[in-house]
Amino acid sequence: MAELIITAEMKLSDIIEANKRALVLFPRFGIELGFGDKTVEDICRNMDIDLQFFLLMVNTFLNPDYFPDKKLKNVDVEMLISYLAESHNYYLEERIPYLQSLISQFKHNVDHPAIVQLEKFFDQYIVEVKDHLAYEDETAFPYMAMISSYRKKPDIPVGQVDYSVGVFEERHDNIEEKLSDLKNLLIKYFPPAGDRYIRIRLLNELVDFEEDLINHARIEDKVLIPVVKHLEQKLKSM
Amino acid sequence: MRKTILIAEQSEVVRKGLIQIIGSFDLFQNIHELACNSNIKASIIKLEPDILVINPILIQPEFSGWLKDYRSKKEMKIAAVVYALFDDELKDLFDEIIQIGDTRLKIRNKIDSLISRPRETQRQDPGDILSPREKDVVRLLAKGLTNKEISEELFISPHTVITHRKNITRKLNIKSVAGLIVYAIINGIVNVDELHDNKNV
C-alpha cells in the first residue's frame with residue numbers, strides 16, 4: 001500500500017486519522033494534542049519549526065518508501081540531532097518504563113518456570129537498547145554536531161578526531177531483532193497461563209515499539225548518515 | 001517420472017516377495033534391497049529413494065532420529081512392512097503400513113497413494129517442529145557452548161552446526177540465542193539447572 005505523502009496544507013488531525021503512528025511523532029517537535037484544525041504550515045509557523053524539516057521527518061518516519069534525496073542538502077544537522085535526541089528521551093522516559101511495567105504485570109499473572117528466563121531476556125534487551133542510545137547520544141551525535149558547526153567555529157580540531165560517520169554506520173546494528181524474538185515467543189510459544197489481556201496489552205506495546213524503532217532507524221540511515229557524510233566530504237576538500 | 005524405492009527387510013522370502021509385487025507395478029525405475037541395517041544410511045544418502053519400505057525392527061532409536069532429520073531436508077516417504085508388533089513410538093515415522101497379509105492390489109493402492117500424496121508434515125505437534133538433532137543443538141547453545149564446542153560434542157562438523165542453526169532460526173523465527181534459551185525452557189529441551197554453566201544467563 002502506498003503511504004500518504006504529508007504536505008504543508010494538511011490538517012494535523014487528518015494526519016493522525018490516516019496514520020496513528022504520527023501520534024508519537026508530534027510530541028518530539030513539542031507539538032501537543034488539542035491543536036484543533038491547524039494545518040502543518042500553521043503549527044510550524046506558530047511553534048517556530050522549520051516546515052521543510054518537519055515534512056522531511058514526518059514523511060521519512062511514516063513512509064518506508066520515501067526517498068528524500070533532493071531535500072537532503074539543506075538539512076540542518078543540529079536540528080536533526082535534537083529531534084533524534086528527543087526521540088531517545090521519549091524511549092528512555094516513556095516507552096521503556098511502560099514496557100517494563102507491562103512485563104512485570106505479565107510476570108505476576110503467569111505461573112510458568114520460563115517466565116524468569118523471559119524476564120531476563122527482556123532485561124538484557126533493555127540494557128542493549130540503552131547502550132545503543134547512550135552511544136549515539138554521547139559519542140556519535142556530539143561528533144556530528146561538532147563537524148556541522150565547523151564553518152562557524154573553524155578552530156575546532158576536526159582533523160584530529162579519530163571518528164567518522166562510517167564508524168557510526170558500521171556500528172548501527174538493528175536493535176529491533178530481539179524485540180521480534182520476544183514478540184514471537186509471546187505469540188507462538190509461551191504457553192497460555194491465565195494472562196490473556198495483559199499479554200495482548202504487552203504485545204500491542206511491543207509491536208508499537210518495534211515499529212517506532214524501525215521508523216526511527218530509517219531517519220538515521222536515510223537522512224542523518226547521508227547528510228553527515230556529505231558534510232565530511234565538504235570538510236575534507238576544504 | 002519413474003521413482004526409486006529402497007526395500008529394507010531381513011527376511012529373504014518377504015523381501016523378494018515385495019520386490020516381485022512392487023516390480024510388477026511398472027512405477028519404479030530402480031528397486032534396491034537391503035537385508036540388514038548396516039549400510040542403510042549410506043544407501044539412503046546415495047540413492048535418495050522416493051520411498052523407503054522398511055521393517056520397523058531395523059529401526060533403532062538413533063536411526064529413527066536420523067530419519068526424521070533426513071526427512072526435514074528430503075522428500076522421502078516411509079512405509080513399514082509389518083508382520084509382528086512394533087514399537088508404538090515409531091508410528092509417527094511411517095506414512096503407510098504394509099501388512100504381510102495385504103493382497104497385491106492393496107499393496108498397489110498403498111504405494112500409489114504414497115507417490116501421489118504430499119507428506120503430512122503438519123501432522124507433527126507444533127511444539128515439536130525441531131528435529132531431535134536441532135533440539136540437541138538448541139540444548140547445547142542454551143548451556144553456553146560455542147558452535148565449535150557443539151560440533152565436538154555431537155560429532156558433527158562446524159559447518160553442519162551452522163546449517164542446523166540456520167534451520168532452527170528459520171523454523172522458529174527466533175534469531176537470538178537469548179530468545180532460543182527461552183524457547184528451550186518453555187519446551188522442556190533444557191531445564192533451568194542446566195543453564196548455570198552459561199555465563200551469559
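How are helix 8 of chain A and helix 9 of chain A oriented to each other, roughly parallel or roughly antiparallel? Before I answer, please keep in mind that this is a predicted model.

Helix 8 of chain A covers residues 177-189 and helix 9 of chain A covers residues 196-236. They pack at an angle of about 155°, and their axes are 10 Å apart. An angle over 145 degrees counts as roughly antiparallel, and helix 8 and helix 9 of chain A are therefore roughly antiparallel to each other. As for handedness, helix 8 of chain A crosses helix 9 of chain A in the left-handed sense.

Which residues meet there? On helix 8 of chain A they are Leu179(A), Ser180(A), Leu182(A), Lys183(A), Leu186(A) and Ile187(A). Their partners on helix 9 of chain A are Arg199(A), Leu202(A), Leu203(A), Leu206(A), Val207(A), Phe209(A) and Glu210(A). Sorted by class, this contact between helix 8 and helix 9 of chain A has nine nonpolar residues, one polar and three charged.

Now the other chain. Between the two, 15 residues of chain A are in contact with 13 residues of chain B. On the chain A side, helix 6, which is 114-148, and helix 8 each supply at least two of the residues that touch chain B. That side of chain A has eight nonpolar, three polar and four charged residues.

What is the angle between helix 8 of chain A and helix 8 of chain B? The axes cross at roughly 15° and come within 9 Å, with the chain B helix running over residues 177-186. Under 35 degrees counts as roughly parallel, and these two helices, helix 8 of chain A and helix 8 of chain B, are therefore roughly parallel to each other. Their crossing is right-handed. From chain A, the contact uses Lys178(A), Asp181(A), Leu185(A) and Tyr189(A). From chain B, it uses Ala178(B), Gly179(B), Val182(B), Tyr183(B) and Ile186(B). The classes in this contact of helix 8 of chain A with helix 8 of chain B are six nonpolar, one polar and two charged.

Next, the backbone details. Most residues other than glycine have a negative phi. Asp48(A) is not a glycine, yet has a positive phi of about 60°. Asp48(A) sits in the loop between helix 3 (40-47) and helix 4 (51-62) of chain A. Is Asp48(A) buried or exposed? Asp48(A) counts as exposed, because there are 7 C-beta neighbours inside 10 Å.

In chain B, Asn173(B) also has a positive phi of about 60° without being a glycine. The loop that holds Asn173(B) lies between helix 7 (158-172) and helix 8 of chain B. Asn173(B) has 16 other C-beta atoms within 10 Å and is therefore partly exposed.

Chain A has nine helices and zero strands. Of its 238 residues, 24% are buried. Chain B has eight helices and five strands, in the order β-α-β-α-β-α-β-β-α-α-α-α-α from the N terminus. In chain B, 27% of the 201 residues count as buried.

For contacts between residues at least 6 apart in sequence, the share joining residues at least 24 apart is 76% in chain A and 65% in chain B. That is what I have; questions are welcome.

Definitions and conventions: Residues are numbered from 1 along each chain as its sequence is written. Chains are lettered from A and ligands numbered from 1 in the order in which they are written. This is a predicted model: local features need pLDDT of at least 70, side-chain atom pairs count only at pLDDT 80 or more; totals for chains, interfaces and linings use all residues. Axes are lines fitted to C-alpha atoms, for helices over the stretch in contact, and angles run from 0 to 180 degrees between N-to-C directions. Helices (H or I, at least four residues) and strands (E, at least two) are DSSP runs, numbered from the N terminus. Angles under 35 degrees count as roughly parallel, over 145 as roughly antiparallel, 65 to 115 as roughly perpendicular and the rest as oblique. A crossing is left-handed if the near helix is turned anticlockwise from the far one by less than a right angle, and right-handed if clockwise. Two residues are in contact if their C-beta atoms, placed from the backbone, lie within 7 Å. Ala, Val, Leu, Ile, Met, Phe, Trp, Tyr, Cys and Pro count as nonpolar, Asp, Glu, Lys and Arg as charged, and the others, Gly among them, as polar. A residue is buried if 20 or more other C-beta atoms lie within 10 Å of its own, exposed if 12 or fewer, and partly exposed in between; C-beta atoms are placed from the backbone.
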